[in-house]
Amino acid sequence: MTEKNERQETVIIDGIDSVDIYGVNNRLLDRLKNYFPNVRILARGSEIKLNGNPGEVGLLKERLETIMEAVSKGHTLSDSEMDRLLDYKSYPSEVQEQKSMKNDEAYNIVYGNEGRIVRAKTKNQRRLVDEYYKNDLIFALGPAGTGKTYTAIALAVRALKNKEVKKLILTRPAVEAGERLGFLPGDMKEKLDPYLQPLYDALHDMIHPRKLQILMEEGIIQIAPLAYMRGRTLDSAFVILDEAQNTSLGQLKMFLTRMGNNAKFIVTGDATQIDLPNKRDSGLMRGVELVKNIKGIAVINFGTEDMVRHPLVTSIIKAFDSAEEA
């Protein structure tokens, strides 16, 4: 019998295999119970009965309906997406936001290899897509794993495929994160490639390897360390500066002033991961403060809620941040 201060709801799994909802060995059900400890969950066949705290029961029902809608449309939700959907402490409006994210094709950025759609999944990834249409220079700032660089590269690949720009240039400062370039084997290109590998990885997800090789040989796609940008004027180009927290204020100014006509610039960085010997030499945040109010420039601050890597990454970042604050 339901108590006066409790609510009871039944969710019907219709049109999809219940295993896709429950997960192997009822993995999803275990997740539901962890996130909604004040709701009793009874799953039998195509019915899931919810009983308990009225607010949590209503929210869990909405979240389950969102998950079923996504699964029915062929979406495979990652662990991090599932965790964001189930976090009962987040604002209820996130349910509608997540529904619109799954349904809104405007945030399908580009078709990658094997027909996989690269889409903006989180609130700030979506905002990056929106700001792209309004601004020529965007700063995407935040912790690792939030998809800021990946989303930026997807936008750049789409712009190139749609002939909105003639060149795609990806650059990073070649700063040693605990290693020294001189001790790495090979010529300068081979020494620098490890620093640029994350950019290659993203491109390989979106462009067929053979096509990518041709585009790079023709100079249509260029990946180079930041020092190679000096003295250039970049017209009709989509340019991404990654790991900008490892630039000095002078280097950042040098990069930003390379912008030519019909150019799009995106700068990504994480102020908590400075690899410079003296962290105070980083010019990223000082540079952002100087230009953030200029029309045509947008600043987007990504957070742990935008994490798209393994769900443990969020907990790890929070643990390290707490230690640093202490």
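Reply: A salt bridge is a side-chain nitrogen of Lys or Arg lying within 4 Å of a carboxyl oxygen of Asp or Glu. The general idea is that side chains of opposite charge can pair when their charged atoms come close. The structure shown here is a predicted model, and by this rule its count comes to nine salt bridges.

Me: With which residue does Glu243 form a salt bridge?

Reply: The partner of Glu243 is Arg172, and the closest N and O atoms of the two are 2.6 Å apart. Glu243 lies in the loop between E9 and helix H10 (249-256), whereas Arg172 belongs to strand E7, so the pair ties together parts that are 71 residues apart in sequence.

Me: Are Glu243 and Arg172 buried or exposed?

Reply: A residue is called buried under 20% relative accessible area, exposed over 50%, and partly exposed in between. Glu243 is partly exposed because its relative accessibility is 22%. Arg172 counts as buried because its value is 10%.

Me: Where do Arg127 and Glu131 lie?

Reply: Both residues are in helix H6, four residues apart, which is about one turn of the helix. Arg127 and Glu131 form a salt bridge, with 3.6 Å between the closest N and O atoms. Arg127 is partly exposed, at a relative accessible area of 34%, while Glu131 is buried, at 13%.

Me: Which other residues take part in salt bridges?

Reply: Among them are Glu289 and Lys292, whose closest N and O atoms are 3.1 Å apart. Lys292 is partly exposed, with a relative accessible area of 34%.

Me: Which residue of E3 is the bridge partner of Glu9?

Reply: That question concerns pairing between strands. In general, strands of a sheet pair through backbone hydrogen bonds, either parallel or antiparallel. Here, the bridge partner of Glu9 in E3 is Leu50. Strand E1 (residues 7-12) and strand E3 (residues 47-52) run antiparallel and are joined by six bridges. E3 also pairs with strand E2 (residues 39-44), again in the antiparallel sense and over six bridges. In that pairing, Arg40 stands opposite Asn51 in E3. E2 and E3 form a hairpin with two residues between the strands, where Gly45 takes a positive phi near 60°.

Me: What is the order of the six strands in the open sheet?

Reply: The order is E8-E7-E9-E10-E6-E11, and the pairing is parallel. Strand E8 (221-225) and strand E11 (297-301) are the edge strands, since each pairs on one side only. From one strand to the next, the twist averages 15°. As an example of the pairing, strand E7 (residues 167-172) is joined to E8 in the parallel sense over five bridges. Within that pair, Thr171 has Ala224 of E8 as its bridge partner.

Me: Which strands does helix H7 touch?

Reply: Helix H7 (residues 148-161) packs on the sheet and touches E6, E7, E8, E9 and E10. The direction of H7 makes about 170° with that of E9. Helix H6 (residues 123-132) lies across strand E6 (137-141), strand E9 (237-241), strand E10 (264-269) and E11. Its angle to E11 is about 175°.

Me: Which residues form a nonpolar patch on the surface?

Reply: The patch consists of Leu312, Ile316 and Phe320, which together have about 320 Å² of accessible area. Phe320 is placed in helix H12 (residues 311-325), and this residue counts as exposed because its relative accessibility is 55%.

Me: How many helices and strands are there in the protein?

Reply: There are 12 helices and 11 strands. Of the 326 residues, 48% are buried. The accessible surface of the protein comes to about 17400 Å², and 50% of that belongs to carbon and sulfur atoms. Among contacts between residues at least 6 apart in sequence, 71% join residues at least 24 apart.

Key. Residues numbered from 1 in each chain as written. Predicted model: local features only at pLDDT ≥ 70, side-chain atom pairs only at ≥ 80, totals over all residues. Heavy atoms only, no water. Pairing = 2+ DSSP bridges. Axes fitted to C-alpha atoms, helices over the stretch in contact; angles between N-to-C directions. Contact = heavy atoms within 4.5 Å. Patch = residues over 30% accessible without salt bridge, like charges linked within 9 Å, V, L, I, M, F, W, Y side chains within 5 Å. Areas by Shrake-Rupley, 256 points an atom, 1.4 Å probe, with all protein chains shown as cover. Buried < 20%, exposed > 50% of the residue type's maximum accessible area, 1.4 Å probe, protein only.
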